Amino acid sequence: MFRLSSYRDFDWVLLGFVGILSVISVLEIKSATLHTKFHGFDQKQIVFLVVGLLLMFLISMIDYHRLVDIIPWAYGISIFALVAVKLVGQKVLGARRWINLGGGVHFQPSEWVKLILIVAVARYFWNLGGRELNWPDIGKAFALVCVPMGLVLMQPDMGTSLTYLPVLLCGLFLGGIRFKQAAILVLIFTVLIGGAWKSGKLLKPYQKARLTSFIDPDADPRGKGYQIRQSLIAVGSGGIWGKGANKGTQTQGDFLPIPYTDFIFAAFCEEHGFVGALGVLLLYFLILMRLIQNAQTAADLPGTFIIMGVVAVIVFQIAVNIGMVVGLMPVTGIPLPLMSYGGSSILFTFLALGIVMNIRMRRFVN
Amino acid sequence: MELTPQAELAAGKAEKLPAAKLHAVQYVIAAILVILGAGLWRLEVAGADSFRALAEANRIRKVPVLAPRGRLFDREGRLLVDNYPSVSCFLLREQVKDLNADLPLIAQGLHISVEQIHATLRRFQTAPKYQPIPLKQDITPDEQAFIEAHRNELPELETLDEQRRLYPRDGFAAHLIGYVGEISEDDLNKSKYAFYQPGDVVGKSGVEATYDALLRGVDGSRDVIVNSHGKEIGRLGQTLAQAGKDLRLTIDLDVQMAAEKAMEGKTGAVIALDPHTGEILALVSRPTFDPNQFAVRLSKSYWNEILTNPDHPLLNKAIQAQLAPGSTFKIIMSYAGLQENAAQDMHVMCSGGASFYGHFFACDKRHGMVDVEHAIPWSCDTFYYTLANKLGIDTIAKYATDLGFSQRTGVDLPDEVTGTMPSTVWKMKNFHEKWYAGEVISVGIGQGAVAVTPIQLARAIGGVASGGALKRPHLVFPDEVPPDELEAIHETFSGSGDKTVPLATANWQLITDAMAATTTSGTAAPAHMEGIDFAGKTGTAQVVSHSAGMTSLGVGKERANAWFVGMAPRRNPDIAVAVLWEHGGWGAGSAPVAAQIINAYVTKQRKRENNIRIAEIPKPEAPKPDTPAPPSGPPTAHLAAPEPMKPKASEAAN
């Protein structure tokens with residue numbers, strides 16, 4: 001189970017792409033916080049990256065089958081932690097997401113729950129053994145994901161809770177849902193969400209405002225549409241080649257909101273232009289293709305499911321975050337994997353990559 | 001949900017997902033990335049230009065650079081009106097997220113009321129959003145610190161360095177200089193102010209108003225880079241401001257000072273001019289006001305004080321008081337009578353008055369047998385009753401009109417009034433009544449409906465003494481003003497202007513000699529100055545119409561107005577002075593006022609001729625560069641020792 005020689009099978013190419021993206025991220029965080037009180041966040045990001053790398057190597061040493069074994073327990077503890085956050089968590093900006101572990105360390109369970117869900121879903125569909133799904137199977141899969149998702153949504157943290165959804169969808173798709181079943185599900189949810197929107201109970205007013213301002217950012221340029229508007233100006237004014245590192249007027253002039261986390265891609269687009277942005281998209285594409293390749297070569301179904309779960313989450317976050325930055329998606333507060341500043345996001349990504357490495361290292365185990 | 005682990009992991013180990021499903025996922029990912037790439041293309045390539053413009057608009061702000069107003073100097077280059085640096089607070093409406101929430105804090109920090117801010121906002125409602133609104137002018141260092149300290153909370157507040165007007169204190173020469181103020185809404189609608197913006201500072205009266213176009217210069221602007229809080233983080237280009245033109249006035253500070261001093265404590269006006277050219281040497285109106293109070297936002301109490309003063313401090317009485325001229329009008333009567341060949345051989349027996357058309361018209365003395373040579377210095381009413389009766393109203397009106405009465409003189413000051421010269425046509429037009437022959441009698445002594453301004457009197461009598469050459473009075477040397485601008489000013493301030501009226505030499509000599517006699521043996525004898533050829537004419541004008549003639553002076557507001565018109569020398573005078581002392585009593589009381597002014601003038605000229613140093617005359621001003629000139633010193637220094645206010649030691653000794 002623990003063989004040092006397997007590091008020859010470590011996916012160094014994937015790690016190389018991730019490394020390039022991490023360097024870009026650190027440089028852009030440095031630029032975006034240059035003249036602000038957040039100056040120095042780039043160095044904190046480096047610390048997160050180093051810790052992430054260490055965790056990645058650590059988790060790659062533990063056979064992922066052990067993780068699959070213990071996942072029911074981990075899942076149970078996660079649900080308990082989410083309830084605990086709701087009861088004793090720290091309120092930051094109106095939402096209870098964090099548990100203070102003392103000594104300045106804050107723990108945000110919803111980010112880790114994502115990882116546990118990926119493994120749990122993988123285990124669930126593996127247990128079904130590849131047979132065609134019936135409605136109880138689908139129902140159970142929904143329950144598996146929607147219980148933690150509901151708890152996170154109640155924090156309220158719509159962004160993170162939404163990232164659980166692609167895990168479920170990916171599992172259903174790969175697990176063998178039939179087209180007819182999928183069509184019925186889509187129909188049901190369209191009706192449900194439409195009704196909830198009208199009743200106004202599903203979304204908090206600020207969430208609703210974000211969605212409406214996404215549709216028409218110029219309606220209220222100083223209010224709700226401000227973030228989107230400034231983001232569009234930042235991206236658009238970057239042009240083909242960008243304004244140059246540390247020279248984005250929107251970024252440096254503090255017009256772009258939170259340019260080191262949610263809107264880091266807007267800051268990057270402004271300073272490095274269309275060409276730079278395409279470069280980043282290409283890196284993401286290469287990383288994702290490499291991940292899928294690993295999923296293909298995985299030794300067994302749980303391995304494939306886990307990697308595809310990771311792929312689903314990353315693709316979803318890229319689509320929502322960059323979609324938001326270019327005005328195709330509403331503002332949801334979902335960070336861009338490997339780019340946005342933030343410990344929880346970095347650690348999740350590297351842990352997920354660690355598991356992927358883990359699966360790749362054991363692809364010939366038979 | 002089933003959470004218990006399966007016993008065997010190996011059960012499904014060999015199974016694999018169909019490759020097609022993974023390929024499908026790859027295509028989905030590729031599609032998503034292509035869509036995102038297309039979104040980027042739409043913004044960064046297709047829309048780059050418009051977004052770049054928006055980004056520039058975000059960060060670049062135009063800050064006006066105000067041109068310093070031209071300074072005013074007296075005829076010898078001595079500084080009359082200067083500028084001093086000052087800071088104003090502006091409101092940038094584009095920077096505001098919720099202005100109403102910020103108002104209490106702004107009001108508190110700037111020491112103004114919320115209502116005042118609302119009023120200001122209302123005034124600028126129609127102005128474009130990007131235009132800064134002046135909230136408070138001449139703010140204190142305290143208030144400046146407040147704005148600096150609240151950059152983040154109140155990004156909408158901006159300070160602007162300005163040059164502000166510094167006028168002589170105590171209202172010295174206030175009426176001729178005028179004052180500046182923010183342009184009013186009414187003015188903005190006038191064609192003259194078509195190119196002005198709300199908030200612009202313009203001349204409101206006096207020379208400041210007439211020559212505003214020259215004095216104001218051209219404002220420049222500066223492009224600065226700001227962050228989202230409106231804080232300046234860099235600079236781009238700038239358009240330099242062009243300073244306003246400095247103007248040299250015809251005023252002679254020494255004469256002006258003598259006039260101010262002579263009018264101290266009196267109500268009325270003085271105007272001294274050079275009849276050769278029409279250059280105004282001194283102009284005083286009393287009571288006066290402090291134009292410095294107008295340069296910054298007026299305090300309510302001071303404004304009320306001015307409004308409620310029954311003597312109207314803002315009125316420039318030298319050009320705006322139209323009153324009966326009293327006996328000073330006898331010069332015009334003499335001119336008319338002599339030119340008509342009616343007065344030369346006239347001998348009138350004065351026994352303290354005479355009866356005309358069944359009414360008795362009184363004279364203040366029994367002058368005995370009077371001819372025109374004596375009628376002027378003695379100011380014999382009986383003689384002029386008789387002359388007026390002989391000439392008739394329309395002849396008198398014709399000569400008076402020739403001399404510029406009932407018209408503006410065309411002086412380069414706003415709001416000059418015309419006065420009134422009655423005639424048969426005038427009465428028909430205004431009262432739809434025919435003229436009664438008896439009405440002409442009191443016109444002969446400058447009573448009745450005759451109303452003149454001090455400037456009209458000075459110009460007309462100065463003109464008669466100059467052999468009939470009348471000049472347009474003015475405060476700015478014509479060669480200081482570009483020709484087209486001068487033409488525009490002459491057109492705007494149209495009036496009698498430059499003209500020559502016929503005057504026979506004998507008549508000229510007779511009148512001027514008689515006026516000289518006034519100050520030696522006549523009604524103004526106490527004002528006689530040894531060694532100065534001082535000529536003049538007194539006038540005592542009733543304020544309340546008595547039945548006829550001068551029987552009493554009246555008291556308080558009913559007390560007669562004391563007029564005096566004097567000049568030196570008697571023929572082709574270098575200086576003519578008209579003095580109006582409202583409710584001053586006998587016209588002889590005004591004669592010393594004119595005497596003091598003329599004495600100051602003549603003394604100065606003689607000292608100059610004899611090469612005696614009379615005053616420090618500063619070197620001619622170096623041409624000003626286009627950039628705002630550095631302030632010439634702290635304003636308090638000017639206030640503490642303004643040059644015009646200090647009598648020179650050499651003069652005091654005189």
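## Basis of the description

This is a predicted model, in which local features need pLDDT of at least 70 and side-chain atom pairs count only at pLDDT 80 or more, while totals for chains, interfaces and linings use all residues. Residues are numbered from 1 along each chain as its sequence is written, and chains are lettered from A and ligands numbered from 1 in the order in which they are written.

## The contact between chains A and B

Chain A contributes 54 residues to the contact and chain B contributes 39 residues, two residues being in contact if their C-beta atoms, placed from the backbone, lie within 7 Å. On the side of chain A that touches chain B, helices H3 (64-88), H4 (109-127), H5 (135-153), H6 (158-175), H9 (226-238), H10 (249-252), H11 (264-297) and H12 (301-325) each supply at least two residues; helices (H or I, at least four residues) and strands (E, at least two) are DSSP runs, numbered from the N terminus. H11(A) provides the largest share of this side, 13 residues.

By class, this side of chain A has 33 nonpolar, 16 polar and 5 charged residues, where Ala, Val, Leu, Ile, Met, Phe, Trp, Tyr, Cys and Pro count as nonpolar, Asp, Glu, Lys and Arg as charged, and the others, Gly among them, as polar.

## Chain B: composition and strand pairing

The secondary structure of chain B comes to 25 helices and 21 strands. Of its 654 residues, 45% count as buried, a residue being buried if 20 or more other C-beta atoms lie within 10 Å of its own, exposed if 12 or fewer, and partly exposed in between, with C-beta atoms placed from the backbone. Among contacts in chain B between residues at least 6 apart in sequence, 76% join residues at least 24 apart.

Strand S8 (residues 220-226) of chain B pairs in the antiparallel sense with strand S1 (residues 60-65) of chain B over 6 bridges, pairing requiring that DSSP finds at least two bridges between the strands. Here Val63(B) has Arg222(B) in S8(B) as its bridge partner. S8(B) also pairs in the antiparallel sense with strand S9 (residues 232-239) of chain B, over 5 bridges, and Val226(B) stands opposite Glu232(B) in S9(B).

## Nonpolar cores

A nonpolar core is a set of buried Ala, Val, Leu, Ile, Met, Phe, Trp, Tyr and Cys residues joined through C-beta atoms within 7 Å. In the largest one, which has 130 residues, Val270(B), Ile271(B), Ala272(B), Val577(B) and Ile597(B) touch the most other members, and helix H23 (residues 591-609) of chain B gives the most, with 8 residues. This core lies between domain 1 (61-247) and domain 2 (253-609) of chain B, because both give residues to it; the domain bounds come from an automatic or database domain assignment.

Leaving aside its neighbours within four places in sequence, Ala272(B) is in contact with Val255(B), Ala259(B), Leu281(B), Ala282(B), Ile575(B), Val577(B) and Ile597(B). A second, separate core of 114 residues includes Ile29(A), Ala120(A), Ala266(A) and Phe348(A).
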